[in-house]
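Hi,

Here is the structure I promised to pass on.

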Amino acid sequence: MKKYTSLDALLEALPLKDGMRLSFHHHLRNGDGIINPILTKIDALGYKDIHLSPSAIFPSYTSIETLLKKEKVASITTNYLNGPVANYLALHGSETCLKMQTHGGRARAIIEGENSIDIAFIAAPTVDKTGAASGLYGPSACGSLGYAMEDVAHAKLKIFVTDHFVDAIENPQIHHQHIDYLLILDSIGDARGIVSGTTTITRDPIGVSIARRAAQLIEDLDIIKPGFSFQSGAGGVSLRVTDYIKAYMQRNAIKAKFFSGGITKYHVEMLEMGLVEKLYDVQCFDLEAIKSLKRNATHHAISAHDYANPNNPRRIIKDLDVVILGATEIDLDFNVNVTTDSFNTIIGGSGGHSDTASDAFVSIIVTPLLKARTSVIKTRVNTITTLGKHVDCLVTERGIAINPRRKDLIAQLKNSRLDIVSIDTLMQRATAYTGHPKETTHKGKKIGVVEDRDGTIIDTLHAKE
Amino acid sequence: MSRSYLFIPGDVPRMLQNLDVFDADAVIIDFEDSVADHNKDEARQLTAAFLKRYTFHRPKLYIRINSTDDLAHCKKDLASIKDLPIAGIVFPKMNVERLKILESLWAKPIDILGILETPDVFFEVLSLAKNPHVKGFLLGAEDLTKALNIDRSQDGKELLFARSQMIFAAASTNIEAIDTPFTDVLNEAGLIEDIKQATALGCTAKASIHPNHVAFINNAFTPSQEAIKASKRIIAKSEQTQSMRFSLDGKMIDKPVIERARKLLKRAKDYGVL
């Protein structure tokens, strides 16, 4: 491991070239402090045709927009993006520019050489003298480094960038044999942007109403049994569902086998109350989750490969009983869009949406039926993020629809007191209020593709008009 | 019979639009305290337009009009609701005198849930309960405690007389006795305790000012499965023995107990838990 304290010196030592593929992880989220300085220097050095593979792109990653404007980016492959880069691509992207993958799909593509990374820049909150790293310690602690693990293992060159260099790390998340270079900077991130601290259970009455119905649905499906597994993410409604499930588990003395995905203080609380055996944490959403990784031996940081790589037969989500997910749009075939709005603005991406929906025994979409005076149910979603064949239930404040493919679930719910109707009926309930807005059609040029976790292209992205 | 009565402001489109998604058995669209003076016309127009366009089988709909003390607004309220598909009105500061004024103002009689929120009314409740248009009482603890110059406490002991007086009068003519809303919106433990007091004393329902309270109220006023099971056994034994007086599990069962069991099973059926 070669050690540097100057970014200029490091870049001088690296075999940079036109057409190289660079990767970054997004665990420092909007507080990331390495992507911008590195890409700004690479820009200044004159390299072009750069392929970028960050696991996600947040609004603060403005250097990517600068490179795009200078036409130095050959392609971007990522799992989630919003902010200025997303807006720029939606207006000016080229046909080959953007590939949206899933978290599991990214791990698969890196491991299988489909995304062959030349240099992985790994923001590492703590690195020790042996070159081992951890996300648990240091001023830029972010917890799990799950989305960086495949980059570290498979990139041709691996570089740790840290602001906390120590003698030794107990139980490192990444071991020293992987690393080629170490860059020590004054700071790799802004703690305020790393953990948002905004993961809270919704109190919005509509959200509460939806969550109550979703929890009842899970109860009626008889999923909450000893040893069950669950994933809910960090959305306010999802967390409210988790809270209802927690109460049910307490009332009935039920202990779950595992919770997976992004972990919050609410999941930690349930672990420490003895309501769940293990947390499989690919990403910490708040400070309590980071602290828990240090103190709880049954809270495991896992890689994206172990979490969701579809070609990993031991992936965690394969054993997932139920996952709660959101939707920007859903259509009559249950296809879900969390990638674009109806104006083609890129507002997110799959992350683990398609991965978990595909693998979980039951995938449940929770969303208000009426959003900003329009129906969340469309005849056809603007962009398919998750194929309808993987989506089982839609829970709204005005009723629940079950995918007709899931005859088993429909049969199980035949005596349920929940208001279960067809998705067409739900759409009619929405349009009774909203009328039938004219749905947009793709007229802008193609700017990219949505790739499902197995590498299949399931939709195209179009420019804003 | 309704378990929960949810107040929503009449001038907020989002709340009106969603009035049927909070699982309240009844919704009270408010023209009074939650609507500022300069928005009262808007509340009347918005509510009228909404209810003329959309039909609701559930929840039952009521409108809280302004008190006859505010005669101009009260008259406008009555004029604006006369053709609306509502179950009745909620009448603030009801007492015998104000009820007479109201009856002199309306074009045609309408069912009334009267809010008991002034000290004097608790000495008139029996007379009010006998009025054929009065279908229930709703305790208004905020205004009442303000008039008494006392604070509301967690255990609600200051409301014991008012609650009891309301419940006894309502029971005498078999009309609704609706408990006051719990106003500490985020205090779920306090809400549960408050509901327990209402159910223990004999309230038939409870009002709320926040949609998130409705589920707690519905749950508390719905017969439990244990109670349903016990009632079923009482009715079964009564039918089996053809008797109105018998022993079950060492307890004497007689006519009032059997009738109470029948009522409980009817409520359970109405609320869909039977």
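Below is what came out of it, starting with the ground rules.

This is a predicted model, so local features need pLDDT of at least 70 and side-chain atom pairs count only at pLDDT 80 or more, while totals for chains, interfaces and linings use all residues. Residues are numbered from 1 along each chain as its sequence is written, chains are lettered from A and ligands numbered from 1 in the order in which they are written, and side-chain values use heavy atoms, with hydrogens and water left out.

Chain B first. It has eleven helices and ten strands (DSSP runs, H or I of at least four residues for helices and E of at least two for strands, numbered from the N terminus). Its radius of gyration is 20 Å, close to the 19 Å from the globule rule for 274 residues, so chain B is as compact as a globular protein of that length (taken over C-alpha atoms; the rule is 2.2 Å times the number of residues to the power 0.38). The C-alpha atoms of chain B fill a box of roughly 65 × 40 × 40 Å along the principal axes. Of the 274 residues in chain B, 51% are buried (under 20% relative accessible area, with exposed over 50% and partly exposed in between; 1.4 Å probe, protein chains only).

Now the cores (sets of buried Ala, Val, Leu, Ile, Met, Phe, Trp, Tyr and Cys residues joined through side-chain atoms within 4.5 Å). The largest nonpolar core has 141 residues, and those with the most contacts inside it include A:I364 and B:F137. Helix α8 of chain A (residues 205-220) gives the most to this core, seven residues. A second, separate core has 71 residues, among them A:L7 and A:I64. Leaving aside neighbours within four places in sequence, A:I364 touches residues including A:L217, A:V323 and A:C393 (contact means heavy atoms within 4.5 Å).

Two loop residues in chain A are worth a look too. A:R453 is in the loop between β26 (446-451) and β27 (457-462), and at 12% relative accessibility it counts as buried. Beyond its neighbours within four places in sequence, A:R453 is in contact with A:D355 and A:D359, among others.

A:Y147 is in the loop between β8 (133-134) and α6 (149-154), and counts as buried at 4% relative accessibility. With neighbours within four places in sequence left out, its contacts include A:H25, A:H26, A:H27 and A:H103.

Cheers
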